[in-house]
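My notes follow in the order in which I looked things up.

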Amino acid sequence: MRHRALELRLQELELRQVFLEGQIDEAKASGAEKGVIGELMTQYVDVSARKDEILQWQKEDSASPKYGTQVRVDGMWRPKLPEFGSMEKALEALASPSGGKGWSASAVRAARERQTQGDTQEVIRALDGRSPLLPEDERKPFVTTL
Amino acid sequence: MTKIEKRLTLAYKSTLVGGNLERADLRGLDLRGINLTSANLRGADLTGANLSYATMIRTDLSRANLHKANFAGADMTGCDMTGTYGRGAVFYKTKLCSAYIRYAQYKNAFFIECDLTGADFLNSLFLGSKFDGSDTEGVKNADRAIYTWWWSPLLTGAISYDPLPGWYQLDESVTGAETVRENAAREHIEQSVEKSWDMIKGEVDAAKKQAPQG
């Protein structure tokens, strides 16, 4: 995983954190008002939260990088691209009578089956209270004015 | 030598280097081993054409229709494939070094054991495409292409290019290599125009017959 913009942002946030630490210490030493110190501490917490957010994202991204992102393959940077995983499978798909294009009907069927499953209905309930699939008393009214 | 073999040999030996085939209808043709280096194939229709082992160095294929075309073993170095429609196209052991695959659609296409060194993927759609064993060193804008879709669970058919909670990840195009003819209306118009021409022709012929001889 290599994201130069994020690395720079992280560096910037670290510098800001150090700067704010100094400011807080200074304010405490000079006996500043509690409100001022509180304001600085809020800023510090905000910065550290942003930093943690980026670090968390980087951790998740390196665990399962998105397609198209650069990953290390044999020490070289290469984009991660979708694959069958094995050459036998790829060649089998290429050599199949349909030219390896016959797997999609099953994908449609699987998707349709998933849509009728209970957990999907739960998702529908959670995401859209206005779905006509819901019983009328559970359905949210439409808001017609903005 | 059979008739087909003769034709194949002719195609194999034929060369269209720098030829102008703009918007040419080359649907389902057997063009194995043809040399189309630097040719202009802008907007050409190559649906189901067999271009295996063809030499297509720096060929301009922008806006071409490559639906289910076969490019196995072809040399497509530096090809301009901007805006091409290549659903279900087969690229096996194809040289695509420095090819411009920008703003193109390659749903359920195969890029197996290809050389994609320095190719540009800017804003292309590779839903369901597979890249097994391909050399992808220096591929440009790989992060700006789309490889997966997310489907709305609300049965609305809405899609997202970013993951959303509760949405289904779609790794391939559900219609496979087949395409939905969005231009069906145009085809209908073309057919009706053809029909009306036939009617006019028929009427003219009938009038000619009825007209007094001499």
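I sort residue types before I start: Ala, Val, Leu, Ile, Met, Phe, Trp, Tyr, Cys and Pro count as nonpolar, Asp, Glu, Lys and Arg as charged, and the others, Gly among them, as polar. The model is predicted, so local features need pLDDT of at least 70 and side-chain atom pairs pLDDT 80 or more, while totals for chains, interfaces and linings use all residues. Residues are numbered from 1 along each chain as its sequence is written, chains are lettered from A and ligands numbered from 1 in the order in which they are written, and side-chain values use heavy atoms, without hydrogens and water.

**Pocket**

I looked up the second largest pocket. I read a pocket as an open set of points on a 1 Å grid over the protein atoms alone, where a 1.4 Å probe fits, with protein on both sides within 12 Å along at least five of seven lines; lining residues have an atom within 4 Å of a point. Its volume is about 620 Å³, taken as the space filled by probe spheres set on the points. The lining has 27 residues, and A:K66, A:Y67, A:G68, A:T69 and B:D143 are the closest to the centre. I sorted the lining into twelve nonpolar, seven polar and eight charged residues. Helices α1 (4–29) and α2 (34–63) of chain A each give at least two residues to this lining.

**Chain A**

I count helices (H or I, at least four residues) and strands (E, at least two) as DSSP runs, numbered from the N terminus. Chain A has five helices and two strands. Their order along the sequence is α-α-β-β-α-α-α. Of its 146 residues, 27% are buried; buried means under 20% relative accessible area with a 1.4 Å probe, protein chains only.

**Sheet in chain B**

Which strands form the open sheet in chain B? I found β4-β3-β5, in that order, with antiparallel pairing. Two strands pair if DSSP finds at least two bridges between them. The edge strands β4 (159–160) and β5 (168–170) of chain B each pair on one side only. Strand β3 (149–151) of chain B joins β5(B) through three bridges. There, B:W149 stands opposite B:L170.

**B:S62**

Is B:S62 buried or exposed? B:S62 counts as buried because its relative accessibility is 10%. B:S62 lies in the loop between α1 (3–13) and β1 (90–92) of chain B. Leaving out residues up to four places away in sequence, B:S62 touches B:L41, B:R42, B:G43, B:D80 and B:T82, where contact means heavy atoms within 4.5 Å.

Key: Buried < 20%, exposed > 50% of the residue type's maximum accessible area, 1.4 Å probe, protein only.
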